[in-house]
Amino acid sequence: MALLDVCGISDWVKEDGFNAERASVDKVNHFNFAAQTPELAVPVGVDPAEFLRPLVDSEEGVNGVKINLEHGTTTLAFKFQHGVMVAVDSRASAGSYVSTQMFKKVIEINPFLLGTMSGSAADCVYWERVLAKECRIYKLRNKERISVSAASKLLANMVVNYRGMGLSMGTMICGWDKKGPGLYYVDDNGLRLCGNMFSTGSGNTYAYGVMDSGYRYDLSVPEAYDLAQRAIFHATHRDAYSGGTVNMYHMRETGWIKVSQEDVGDLYHRFYSEKK
Amino acid sequence: MAARYDRAITVFSPDGHLFQVEYAQEAVKKGSTAVGIRGKDIVVLGVEKKSVAKLQEERTVRKICALDDHVCMAFAGLTADARIVINRARVECQSHRLTVEDPVTVEYITRHIATLKQRYTQSNGRRPFGISALIVGFDYDGTPRLYQTDPSGTYHAWKANAIGRSAKTVREFLEKNYTDESIATDNEAIKLAIKALLEVVQSGGKNIELAVIRRNQPLKLLESKEIETLVAEIEKEKEEEAEKKKQKKST
């Protein structure tokens, strides 16, 4: 428009990636499986990634201040012959303060899809709820449930737009679709991995130790329940940022079931008395 | 800043018609005929080939296009408009494979094309696409599908359909002759498509272009020799039928 050009506004109004000018007719809307409009507003005139980089990446931070984004929790999931086991702890911590021992770290997206959360509680809860919304819309549009690979891809595509801006999220998307059991790890960098066994969070090393020593593909259902529970328990025993209760889910062909919710104190006494 | 159109071209008439869309459908009726048949393990697309000028290379005029390995479409109407729609559909097929890690279903890509067409009937400064498309293919679970879209942006599933010039004649022929026996084998389905086109095409096999997709196989364009052979078979069958009828009458 002529007046705009005369004022020279186009010199300093930048077209950033999110609002690139495209005729509304050509904009792909619901056929594009990424969130087309940015779900989170980014402040004008600030590039969050640039702002955050010296605080996170460099050795000494900015004026001695360094931000460490840790995923304080333990979650695990593994595939075996009878489906997918998912087990999480339930402690939410802010530094060394325990905010709650009863945090729900598994989001039930639909009867055939589960998402676990580790990292920043706010980021996980928000983005997985957005994922749940997208999955519901997919089902309405296409008259069939979304596949696990598509759901995990949706989540990865949504967060990759905010790479470097300080999101902290390590999640596992578990489900059963027409291709069988599915397990994907998605994190805040947009990394998306398909695998048979994952554990995330600050306690993941302890959980891996127990899981790896006891895992076989042909575990029976009670054996798998026991293995998952033990792995989380041992992680909560040694990791300060994990604790509370062990919430366990089993993803089967007919959907998921919540297996148990046991306090780690009770588990300690049970395992301890077994040793004797 | 790009100049923006603020007036729509496709607006309602007092009695509820969208004239631009109806004029687009007239443009479709002037295009060369295309027929689509859904068999049991095969889907067939046949189009009437327009006669090419002497110096024109025949291969560059293609009315049947693959959208992906398992989906293809034929159109009737403005060829240039079709090119745009086909390009968008091909990009969408790959985009779907990238984000969902699964090939598109035929219904999905038809819905995409139909939504694209509808958007162009309801926006500033743009006219509707002047094409109808027949989209055929197999879904991931092996079900054969045939869909038809038109310039207004609606789409329907069909067992067999025709678009373009003389579509009505061909559709009536199909309504009479599409039975479970007539599509029992792949060959029979192909012959049915040729028979349907022969009703309206002038000089036989030379002016027919045929493509088939079999389950788990990519699009295959039949060569003119194969089409000639099939046309000859059909002629023979017709003669045999005529002979039988004569004998019946004379006895």
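Okay, let's start with Ser242(A): setting aside residues within four places in sequence, Ser242(A) contacts Thr73(A), Thr74(A), Asp89(A), Arg91(A), Ser202(A), Gly203(A), Ala235(A) and Thr236(A), where contact means heavy atoms within 4.5 Å. Before I go on, this is a predicted model, where local features need pLDDT of at least 70 and side-chain atom pairs count only at pLDDT 80 or more, while totals for chains, interfaces and linings use all residues. Side-chain values use heavy atoms, without hydrogens and water, residues are numbered from 1 along each chain as its sequence is written, and chains are lettered from A and ligands numbered from 1 in the order in which they are written.

Back to Ser242(A). You'll find Ser242(A) in the loop between helix H7 (221-238) and strand E11 (245-252) of chain A; helices (H or I, at least four residues) and strands (E, at least two) are DSSP runs, numbered from the N terminus. Is Ser242(A) buried or exposed? Buried, because its relative accessible area is 1%, and the cut-offs are under 20% for buried, over 50% for exposed and partly exposed in between, with a 1.4 Å probe and protein chains only. Val88(A) is 154 residues from Ser242(A) in sequence, yet their C-alpha atoms are 9.3 Å apart.

Now Thr73(A), one of those contacts of Ser242(A). UniProt, in an unreviewed entry, lists Thr73(A) under "active site"; its positions are given in the numbering used here, feature names are shortened, and annotations may be inferred rather than shown by experiment. Thr73(A) sits in the loop between helix H3 (48-56) and strand E1 (75-80) of chain A. With a relative accessible area of 2%, Thr73(A) is buried too. Beyond four places in sequence, Thr73(A) touches residues including Asp89(A), Lys105(A), Asp239(A) and Tyr241(A).

Next, Lys153(A), in helix H5 (residues 148-160) of chain A. Which residues does Lys153(A) contact, leaving aside neighbours within four places in sequence? Arg192(A), plus Leu98(B), Thr99(B) and Glu101(B) from chain B. Lys153(A) counts as buried because its relative accessibility is 15%.

Last stop: H5(A) packs with helix H4 (residues 121-142) of chain A at an angle of about 130°, their axes 10 Å apart. The contact uses Trp127(A), Val130(A), Leu131(A), Glu134(A) and Cys135(A) from H4(A), and Ala151(A), Leu154(A), Leu155(A), Met158(A) and Val159(A) from H5(A).

Notes:
Axes fitted to C-alpha atoms, helices over the stretch in contact; angles between N-to-C directions.
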